[in-house]
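Colleague: I am new to this structure. Please pick one part and take me through it closely. Give me the setting before the detail.

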Amino acid sequence: MTPAAERGRFGPTFGSVLVAAQAGAPWALTVIFETLAPAVAGYLRAQRADDPDDLTSDVFLRVFGHVARFEGSETSFRSWVFSIAHNRLVDQRRRLARRPAVVPIEEATATMSGGDTEEEALIGLAEQRVQELLATLPGDQRDVLLLRVVADLTVDQVAVALAKSPGAVKALQRRAIARLRRQLTDRPVPL
Amino acid sequence: MSDFDVHPDEMRFRPLPDDDLEGVSAFVEELRDVYGAATAPAPNQALASLLASGLTTDHGERRRRMRMDLVGTRRGKIGVALAAAFAAFSGFGVAGALPGTVQNTVSDAGTHIGLHLPSDNDDQGQDFKSQGTDVESEIEAPETTEPPEATEPTEVENDDQNETPEPTDVEVDNDAQDEAPEAPEATEVGNDDHDEAPEPADVEDDDHTTTQPTSTPSNDESSGESPESSND
């Protein structure tokens, strides 16, 4: 993995990576995946997507299917990828709402017994605390907050990804933080 | 960390200004720790093969793959079945080879979108036309002689001669142009004129009576479309 990929940024190599990806070069597709997939997977996991890793692959299959027609900077590319991720998430939720997923009992028990080590247990507890707080937010506020914090998008990028105006995104972010602040003061959660 | 330690490109990506995070900064940090995964998840099989082989830039191959993907879905299969059914129906419909009621339905549907498809009534009407144009012209000749058209006076004359209109028309047309197929066309045009001409006559009839004794059979015989179009 390249240092740029570790930071989740392409940097000055973005132009050449994009051109190579549009030509179908496997190395360029791999660089794009390694650079952006962690943030996409993190966003989908924070949104409690069903099978977030598989959905991440689905997102990048869609990205690569349309990358030949993409024009723009790294900033807009990142917005575009997260708009696809968000749309796939919404699609998945609609699909699951119509036809709830059936989890075999073996998989359910395997998931429950996954936190064997102390570290995993602590991560699980931290995730539980975070999810409890996120659950207090309305959906659009949660979308904005997660795209800003987990996906590291700017206000303008979030506006593009969610098809909202930057002003609306700022307002949603302000309300989300105010609500979280109230939650933390009213009901202290050990962070 | 001061702002000078951050690369200018990264400045744009700073997620939230610190003043916004007052009171929730610990939560935001934990959110990043939990969900800011450092490594990419393992790609699924389809993506792994794509990453290994790269994108195909062959448009034919891509189109073929997209077509296969489309046909593979349930919606695609339904679409293909509907398209095939439509093609079959429209083909048979144009040929007039569908069963009577179905042909009428297809013909009516075609009329709404501006297509003239033969209907079961048309088939009967054509028979009546070939045999019964003279009957229509006999019945309606006094009305149609009023519009100043060159062909109709000859028909009136032919009507007077009883069942000798076609030879005279053919002769006239042959004199004018050496095209044999125009003879039936001339009669069809005459029929169309008859279809249109009776309307004022019907109105007059309507003033007197509610029924249309003479025009009803003629409309049925000529085609079932003109009443519908007038209704429309």
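Modeller: Start with the chain as a whole. Chain A has 191 residues, and 46% of them count as buried. Keep in mind that this is a predicted model. Chain A holds 10 helices and zero strands. Read along its sequence, the pattern is α-α-α-α-α-α-α-α-α-α. Now consider contacts in chain A with a separation of 6 or more. Of these, 63% come from residues 24 or more positions apart.

The part I pick is helix H9 of chain A, residues 155–162. Is A:Gln157 buried or exposed? Its relative accessibility is 2%. The cut-off for buried is under 20%, so A:Gln157 counts as buried. Where does its side chain reach? It comes to the backbone oxygen of A:Thr75, at 3.0 Å.

Next, find the partner of H9(A). Helix H8 of chain A, residues 139–149, packs with H9(A). The angle is about 130°, and the axes lie 10 Å apart. That angle makes H8(A) oblique to H9(A). The crossing of H8(A) past H9(A) is right-handed.

Which residues meet there? From H8(A) come A:Asp143, A:Val144, A:Leu147 and A:Arg148. On the H9(A) side they meet A:Val155, A:Val158, A:Ala161 and A:Leu162. Sorted by class, this contact has six nonpolar residues, two charged and no polar ones.

H4(A) brings A:Ser57, A:Phe60, A:Leu61 and A:Phe64 to the contact. H3(B) brings B:Ala46, B:Leu47, B:Leu50 and B:Leu51. By class, that gives seven nonpolar residues, one polar and no charged ones.

Residues of H9(A), including A:Val158 and A:Leu162, meet residues of H8(A).

Technical notes
Residues numbered from 1 in each chain as written. Chains lettered and ligands numbered in written order. Predicted model: local features only at pLDDT ≥ 70, side-chain atom pairs only at ≥ 80, totals over all residues. Heavy atoms only, no water. Helix = DSSP H or I, 4+ residues; strand = E, 2+ residues; numbered from the N terminus. Buried < 20%, exposed > 50% of the residue type's maximum accessible area, 1.4 Å probe, protein only. Polar contact = N/O pair within 3.5 Å; in protein donor to acceptor, adjacent residues only side chain to side chain. Contact = heavy atoms within 4.5 Å. Nonpolar A, V, L, I, M, F, W, Y, C, P; charged D, E, K, R; others polar. Axes fitted to C-alpha atoms, helices over the stretch in contact; angles between N-to-C directions. Parallel < 35°, antiparallel > 145°, perpendicular 65-115°, else oblique. Left-handed = near helix turned anticlockwise from the far one by under 90°.
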